[in-house]
Amino acid sequence: MDAQSEPAVVELRIPCRPEYVGVARLALLGVASRMKFSYDQVEDVRLAVGEACTTSVEWATKNNRADTDIVVRSSIADTKLTVDIIDSSGERREAPADQENDNEPESLGALLITLLVDEVTVTPINGGTHVKMVKYAG
Amino acid sequence: MNFSIDTYNMESGVPVIKLTGEVDVYTAPQLKQQMIGMLEAGANQILIDLTEVEYFDSTALGVLIGGLKRMRERDGNLSLICPNPRIRRVFEITGLDKIFDIYNSADEAKIAIQLVP
């Protein structure tokens, strides 16, 4: 197998609940640490993946889907890390502002992801959302 | 989970919430509860010490923004101690370093807050 063209894949499945987001972050810390990323870039990946999973958890809570899972799939190429975060948290409908939470962590999370990785796409899939992010090393 | 929350009062009486570890979607609700408690007790200055924090996400930022908003409604303030550049970077890239008063140490915060009437 050609190591250059076939990325290694590390896949993790976590319950879509707040207490497991840290597990995904820890896994990505391990994945990113073994690539040619700087210390700051590893932190960027950890934070971006944490934010994506947090958004999944928040939607699962809103949509009563906390019993679902999040799949976090890392594809490790030479200088390119692709992370797919696939949830079954239901549709991400724009809800009226929550009076109890008058801050906007979700849009802050989206802003952070955009700033921390090189490419990000968010695609609705059947029953959930697929977030793909790419970070280049070097 | 690697997280703890402690509170104490500065000599001036300003309450301090000292956080340790990871502040995220799982642990940030504890920060929120602690802040609400202080607000209900009538605090108009709160200091959040992030010196020992190693991870801080958007949920935690949201809690701080909510707290700051409520403090400003009563002409108070919510300030931060954050010497860790990695955590400070989260504030900088979101532009929130311009919204919060962020100090490098408890001593720096003490001096600054005492200067504010």
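Modeller: Two strands pair if DSSP finds at least two bridges between them. The model discussed here is predicted.

Biologist: In strand 4 of chain B, which residue is the bridge partner of Leu47(B)?

Modeller: Strand 3 of chain B covers residues 45-56 and strand 4 of chain B covers residues 77-81; the two run parallel and are joined by five bridges. In strand 4 of chain B, the residue that bridges to Leu47(B) is Ser79(B).

Biologist: What is the order of the strands in the open sheet of chain B?

Modeller: The edges of the sheet are strand 1 (3-9) and strand 5 (101-103) of chain B, each of which pairs on one side only. From one strand to the next, the twist averages 25 degrees. The sheet has five strands with mixed pairing, and their order is 1-2-3-4-5.

Biologist: About what angle does the direction of helix 2 of chain B make with that of strand 4 of chain B?

Modeller: Helix 2 of chain B, residues 58-73, packs on the sheet. There helix 2 of chain B touches strand 2 (15-23), strand 3 and strand 4 of chain B. With the direction of strand 4 of chain B, the direction of this helix makes an angle of about 140 degrees.

Biologist: Is Asp75(B) buried or exposed?

Modeller: Asp75(B) lies in the loop between helix 2 and strand 4 of chain B. Its phi is positive, about 60 degrees, although Asp75(B) is not a glycine. Most residues other than glycine have a negative phi. With 7 other C-beta atoms within 10 Å, where 12 or fewer is the criterion, Asp75(B) is therefore exposed.

Biologist: How far apart are the end C-alpha atoms of helix 2 of chain A?

Modeller: Helix 2 of chain A has 24 residues, of which 18 are buried, so that the helix is mostly covered. At 1.5 Å a residue, this helix should span 34 Å.

Biologist: Which element gives the largest share of the largest nonpolar core?

Modeller: The core has 62 residues, and those with the most contacts inside it are Ala48(A), Val49(A), Ile48(B) and Leu50(B). Beyond its neighbours within four places in sequence, Leu50(B) is in contact with residues including Leu19(B), Phe56(B), Leu80(B) and Ile87(B). The largest share of the core, 10 residues, comes from helix 2 of chain A.

Biologist: How many residues of strand 1 of chain A are buried?

Modeller: Strand 1 of chain A, residues 8-15, runs antiparallel to strand 2 of chain A, residues 69-76, and eight bridges join them. Within this pair, Arg13(A) stands opposite Val71(A), and Ile14(A) has Ile70(A) as its bridge partner. Strand 1 of chain A is hardly covered; among its eight residues, the count of buried residues is zero.

Biologist: In strand 3 of chain A, which residue stands opposite Arg73(A)?

Modeller: Strand 2 of chain A pairs with strand 3 of chain A, residues 80-87, in the antiparallel sense over seven bridges. The two strands are joined by a hairpin of three residues. In strand 3 of chain A, the residue opposite Arg73(A) is Asp84(A).

Biologist: What pattern does chain A follow along the sequence?

Modeller: Chain A has three helices and five strands, and 38% of its 138 residues count as buried. Among its contacts with a separation of 6 or more, 69% are between residues 24 or more positions apart. Read along the sequence, the pattern of chain A is β-α-α-β-β-α-β-β.

Biologist: Which elements of chain A give two or more residues to the side that touches chain B?

Modeller: In the contact between the chains, 20 residues of chain A meet 17 residues of chain B. On the side of chain A, these residues are nine nonpolar, six polar and five charged. The elements that give two or more residues to that side are helix 1 (18-33), helix 2 (39-62) and helix 3 (105-116) of chain A.

Key:
Residues are numbered from 1 along each chain as its sequence is written. Chains are lettered from A and ligands numbered from 1 in the order in which they are written. This is a predicted model: local features need pLDDT of at least 70, side-chain atom pairs count only at pLDDT 80 or more; totals for chains, interfaces and linings use all residues. Two residues are in contact if their C-beta atoms, placed from the backbone, lie within 7 Å. Helices (H or I, at least four residues) and strands (E, at least two) are DSSP runs, numbered from the N terminus. Ala, Val, Leu, Ile, Met, Phe, Trp, Tyr, Cys and Pro count as nonpolar, Asp, Glu, Lys and Arg as charged, and the others, Gly among them, as polar. A nonpolar core is a set of buried Ala, Val, Leu, Ile, Met, Phe, Trp, Tyr and Cys residues joined through C-beta atoms within 7 Å. A residue is buried if 20 or more other C-beta atoms lie within 10 Å of its own, exposed if 12 or fewer, and partly exposed in between; C-beta atoms are placed from the backbone. The expected span of a helix is 1.5 Å times one less than its number of residues. Axes are lines fitted to C-alpha atoms, for helices over the stretch in contact, and angles run from 0 to 180 degrees between N-to-C directions.
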